[in-house]
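Biologist: I would like to learn how to read a structure file. Could we take the features in turn, with the general idea before the case?

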Amino acid sequence: MQRFVGILPIMLGIAAFVAMAAWPVQLGPSPPPGRVVVRVWSGWTGHEKEAFEKAVAAFNRSQNRIFLVNTSTEEDDTKIFRAITAGTPPDLFQVWSGEYVGALAANNAVMPFDPLLARDGPPRKEFIQGSLGLGEYEGRHYSMPYLIDAYALYWNKDVFRAAGFDPEKPPRTLEELQRMALRLVKKRPDGTLERIGFEMPSLEILIVLFGGKFYDPVAHRILADDPRNVEALRWLARMIDAQGGAVRVDSFTAGFGEYASPNHQFFVGKAAMMLSGQWWPSYVEKFAPHIDYGVCPLPYPSEHPELEGTTYIGGNFFCIPKESRHPKEAWQFLRWTQTPRAQELFSSVMHGVPNMLAVLGSPRLTTGSRHNRAFGVVCRIAANPNARWFPATPVNNLYISELNTAVQLAARNKKTPEQALHDVRVRVQQELDRVLMVAPRQSAHASRFSRLEQPARPHDRVTLSASEGSHDGGILRGVHPEPKREILRFAQNDRGRRAQKDIGE
Amino acid sequence: MKSRRLITGLLFVSPWIVGFLIFTFYPIAASFYYSLCDYRVLSPPRFVGLANYSMLARDQYFWRSLLNTAFMFIELPIAVALGIGVAMLLNQAVKGLPFFRTVFYLPAIVPTVAVSMLWLWIFNPDLGLANAGLERLGLPRLGWLVDPTTSKPAFILMDLWGVGGGMIIYLAALQGVPQHLHEAAALDGAGPLQRVRHVTLPAISPVIFFMVVTGMIGLFQYFTQAWIMTNPRGGPEHSTLFYALYLFQNAFEYFKMGYACAMGWILFVLSLIATVLVFRTSARWVYYEEGR
């Protein structure tokens, strides 16, 4: 008996520990009973995460069937991939780096939206061009942004004044930009840079500005060495050279302060002009409200005036994984995000460009404060039909990494722009061919989506029958059997038949 | 009776065995299998035989990364020499010895990530201390991490700052050198330098051997510093694209997991060959106390 007395507290301790560990604990708001719990993983952190959770709460309040619970992946996409590989992904997730969407689509890890979009989504023409295009792969759409990013030119009016430029006259063409940037460069006596006239953007944005191409989805060809791309790289290399040379410029940019801080180079006068997205006015108000700045559309090459108004579109996208347990409910949330009310709500706190053309001119977002007016300028820029984006391919990470290499080599005169981009094309094409050889068979037709919009001939009609996979025209191929049955079952009932009728006519 | 003891022993060891099989052996075996497959992470692996290896042989970045990693081996003899040198200096009875030993050892306990961030700023070409120091000495400023010719030496310099970790080990070894050997050599007329060469170094040669082998294995896997300090990854003109860095990019950015596994196995074979070589030659320069 004596021996056991000492052990008793230890045993109680272990029992308490095990009980606490095994007790089911709910973190976050507990869902009201009777609702379907949909788990969403998003990448936002800090104040942006709070903004998204406001939107999530608004969605939860707006209906009583679904309860959405958000978890932040802290901008780390590898968490998603690990979850997908393990077979336990959330019901909806956001890919932080858009480069991954192509790989996810090519491996059938995410569901295409097209039948859902056709059934009850807003018509395609109500969206800004890039918002659906960014998630398009092999003719199907695999991702949906909540809001998108659009790029504009920002300039520091104080620096302009000090250098003798008219602060209300930003450069309109790339040639003007080059001239002004060179005059705005300030060097110290020992040759190091004190101020750079134009902070160099990445090559993808410049390629878009020059009207270049990235990818031919029909022939599956990488178009890295398109002549316009070569022009873009040549211009970039010349700019780097003229502003001090690659080593000087790299040394200068290595000393820049943190991006989201008052030490950003634009705020401390180290960069006179730069390209950035629609979030920049909100950063100004947050970190450096005292500076006087302007925003205008991106400059265009003067020998291609038809490219005026081009902008670069990007964003963070939501995808529904193949193994999602509640894809229909996840889709309900995505559908809700594309309503004017939800767009306005999120855009006002997240400072992203709304997807829908109707919301772009909303007075609540674009009038009033200095921030809103600047934001309005970018929204108008985003609506321009010249907007372009980086298409989804399974090898985007490699593609962008190789483009960076090409910039380095061209800027340091190790290769000519033609040679550098040719090498990019060869290497990325090689990789793409390997991937496509083994990727699960995608639709051979370039755009199924556009076929759904056209009047279909009777034998072309997409019949969503109950039998798995046989007559669905391949649209639902790769979808997990359980949600696929749900989708097909929906198609059988009244609304589904009516929607199908609309498609067929 | 004997088999009962065997079974009891095995039972006691079983948690470790199970853990080893699940978390060490299975991943290693799986990675070997994946190296023979085309595995894109999000899709099941597909057997392709030695295709990954033949692709690696034709990949210019693979050879580049191998060369970059091989360059870093220059650091090994310098680190060993420096470590022994500092240890010998700190083996003397000088005033403030504990202070100096602490100061030299401190850099070794700073986490690698913190060291990388610190040296990122020291090496900043415009604002950093390194160029400021060079200017004071009247020497030209260098590009450090921005210039392909100085980027790898910059990493070597940063690693040598942490030589205190090795120094502690050499210090312990030095204090185990038998004093009577020193006295005997001095009686025979050996000067201090000759005593170092013929008494001290052979006496601590097992420790040197250990440091060389572990240092080599560590250099093959050089990753953290390059990952944090180079942007874009791989440094200017891929001058700091180290083997482990390229492997990581292939596995987690380009989704070429089979390719990366093949790279991993090649690294294993190379490390094995290098270690075996050092072991084979050790008989000539490593002296053990048992008089072998």
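Modeller: What follows goes through confidence, chain contact, cores, domains, helices and some loop residues.

Biologist: What should I know before reading any number?

Modeller: This is a predicted model, in which local features need pLDDT of at least 70 and side-chain atom pairs count only at pLDDT 80 or more, while totals for chains, interfaces and linings use all residues. Residues are numbered from 1 along each chain as its sequence is written, and chains are lettered from A and ligands numbered from 1 in the order in which they are written.

Biologist: What is the mean pLDDT of chain A?

Modeller: The general idea is that pLDDT is the predictor's confidence in each residue, from 0 to 100. For chain A the mean is 82, and 84% of its residues reach 70 or more. Residues 442-483 of chain A have pLDDT below 50, and this stretch has 61 contacts in the model beyond near neighbours in sequence. A contact means that the C-beta atoms of two residues, placed from the backbone, lie within 7 Å. Over residues 498-505 of chain A the pLDDT also stays under 50, and there the model has 10 contacts beyond four places in sequence.

Biologist: How many residues of chain B are in contact with chain A?

Modeller: On the chain B side there are 20, and they meet 24 residues of chain A. The chain B side consists of 10 nonpolar, 3 polar and 7 charged residues. Here Ala, Val, Leu, Ile, Met, Phe, Trp, Tyr, Cys and Pro count as nonpolar, Asp, Glu, Lys and Arg as charged, and the others, Gly among them, as polar.

Biologist: Which residues have the most contacts inside the largest nonpolar core?

Modeller: First the general idea: in soluble globular proteins, nonpolar side chains tend to be buried together. A residue is buried if 20 or more other C-beta atoms lie within 10 Å of its own, exposed if 12 or fewer, and partly exposed in between, with C-beta atoms placed from the backbone. A nonpolar core is a set of buried Ala, Val, Leu, Ile, Met, Phe, Trp, Tyr and Cys residues joined through C-beta atoms within 7 Å. In this model the largest core has 167 residues, and those with the most contacts inside it are Leu104(A), Leu233(A), Leu236(A), Cys319(A), Ala382(A) and Ala406(A). Strand S6 (residues 144-156) of chain A gives the largest share of this core, 10 residues. A second, separate core has 15 residues, including Ile84(B) and Tyr170(B).

Biologist: How is chain B divided into domains?

Modeller: Domain bounds come from an automatic or database domain assignment. For chain B they give domain 1 (2-57) and domain 2 (60-285). The centres of these two domains of chain B, taken over C-alpha atoms, are separated by 32 Å. Their contact takes 15 residues from domain 1 and 10 residues from domain 2. The domain 1 side divides into 10 nonpolar, 3 polar and 2 charged residues.

Biologist: Which residues of helix H8 of chain A are buried?

Modeller: Helices (H or I, at least four residues) and strands (E, at least two) are DSSP runs, numbered from the N terminus. In H8 (residues 174-184) of chain A, the buried residues are Leu174(A), Leu177(A), Met180(A), Ala181(A) and Leu184(A). They lie on the same side of H8(A), because they cover an arc of only 125° around the axis. The arc is that of the directions from the helix axis to the C-beta atoms. Among the elements covering these buried residues are helix H10 (227-242) and strand S11 (271-277) of chain A.

Biologist: Is Asn413(A) buried or exposed?

Modeller: Asn413(A) is exposed, because it has 11 other C-beta atoms within 10 Å. Its place is in the loop between helix H18 (396-411) and helix H19 (417-438) of chain A. Asn413(A) has a positive phi of about 60° although it is not a glycine.

Biologist: Where is Phe255(B)?

Modeller: Phe255(B) is in the loop between H14 and H15 of chain B. Its phi is near 60°, a positive value in a residue other than glycine. Phe255(B) counts as buried, because 26 other C-beta atoms lie within 10 Å.
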